[in-house]
Amino acid sequence: MTAETETPAKGSLKHLPITLFATVMGLAGLSLALHMAETQFGWPPLASRVVLWVTMADFAVVAALYVLKSLRFPAAVVAEWGHPVRMAFFPAISISLMLIATAMLPTMPGIASWVWSIGALAQAGLTLAVISGWIGRRPFQPMHISPAWFIPAVGNVVAPIAGIPLGFVELSWLFFATGMVFWIVLLTLVMNRLIFHDPLPGRLLPTLAILIAPPAVGFLAWLQLNGGALDPFARVLFYTAITFTAIVVVQARGFVKLPFALSFWALSFPVAALTIATFRYANLSGSQAHVALAAVFLAALVLIVAGLIARTGMAAVRDEICQPE
């Protein structure tokens, strides 16, 4: 029997989910948020660097396992690509690379440039592939749409954060324009889904937090593109992120009743992006109230990521990660 025709155990590599790359995004976001806090409060740059190395190790392990899965069980990868929710997580691979490059900038700019370039190239290809998949021959239904569909758009908006300091100015504008346009389109579709159709399934409910990410990341990217000016558009983006945060907090009471799933990692990166954006807003506006708010968001982020790491570790020990749906 070939590796593809074997019937593996439930916890086998065949069921390794692409959503594991969300753990890399969350850890990278935590590293960047800690770096902002270290700069703001004059802390030694230790915690952010430790988390960065953990992030790189996490990416290496998850990527190696997923490459092995693609070699042994290619049909399983094709099935994930055809899944209406999991398809949107494939760009988490390229987003992870660009976030790692952003975290590398202060200490390893040369390596960061190469990592960013690889991530940006992959992001361009995955964006085209995912959008082509959405508008292809497969008939997607309204219930297939979820906030996870924002992930490909968010990836494009991430690019300028490191792209501008690395000198990729025109590419950064291209990615930003693409990401913002598709954010507006997808926001309309997702809000239509959330308001006029059945509620999200329990496992997808934590993905509501992804609503926060596009405007928060867009705020950070716009500051890079406009030279760091806190102009009206920057303020609109920042306070849109705050508004979506309030909406998610109101809905969050439903999260605690749910059994753990990897979709809970959707909470981590949006909160990290919000934390970084709030620190940046505080610095540019000189508002101590925003510094305090950023500190609250940072504390929440640390608790969220610590809890997710602990719960994911427990799930791995109990063989709950690589399970068929």
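## Basis of the values

The model is predicted, so local features need pLDDT of at least 70 and side-chain atom pairs count only at pLDDT 80 or more, while totals for chains, interfaces and linings use all residues. Residues are numbered from 1 along each chain as its sequence is written, and side-chain values use heavy atoms, with hydrogens and water left out.

## The salt-bridge network

The structure holds 2 salt bridges (a side-chain nitrogen of Lys or Arg within 4 Å of a carboxyl oxygen of Asp or Glu). In one, Lys69 pairs with Glu80, and the closest N and O atoms are 3.0 Å apart. Lys69 lies in helix 2 and Glu80 in helix 3 (residues 74–81), so this pair ties together parts that are 11 residues apart in sequence. Helices here are DSSP runs of H or I with at least four residues, numbered from the N terminus.

Glu80 also forms a salt bridge with Arg86, with the closest N and O atoms 2.8 Å apart. Through shared partners, Lys69, Glu80 and Arg86 are joined into one network. Lys69 counts as buried at 1% relative accessibility, Glu80 is buried at 4%, and Arg86 is buried at 14% (buried means under 20% relative accessible area, exposed over 50%, and partly exposed in between, with a 1.4 Å probe and protein chains only).

## Surroundings of Lys69

Helix 2, where Lys69 is placed, covers residues 47–72. Leaving aside neighbours within four places in sequence, Lys69 is in contact with Leu13, Lys14, His15, Leu16, Pro74, Ala76, Val77 and Glu80 (contact means heavy atoms within 4.5 Å).

## Helix 8 against helix 10

Helix 8 (residues 213–225) packs with helix 10 (residues 268–285) at an angle of about 40°, and their axes are 8 Å apart. That makes helix 8 oblique to helix 10 (angles under 35 degrees count as roughly parallel, over 145 as roughly antiparallel, 65 to 115 as roughly perpendicular and the rest as oblique). Axes are lines fitted to C-alpha atoms, for helices over the stretch in contact, and angles run from 0 to 180 degrees between N-to-C directions.

On the helix 8 side, the residues that meet helix 10 include Phe219, Leu220 and Leu223; their counterparts in helix 10 include Phe269, Ile276 and Arg280.

## A loop residue

Ala252 is in the loop between helix 9 (232–251) and helix 10. Ala252 counts as partly exposed, at 24% relative accessibility. Ala252 and Leu208 are 44 residues apart in sequence, and their C-alpha atoms are 8.8 Å apart in space.

Technical notes. Helices (H or I, at least four residues) and strands (E, at least two) are DSSP runs, numbered from the N terminus.
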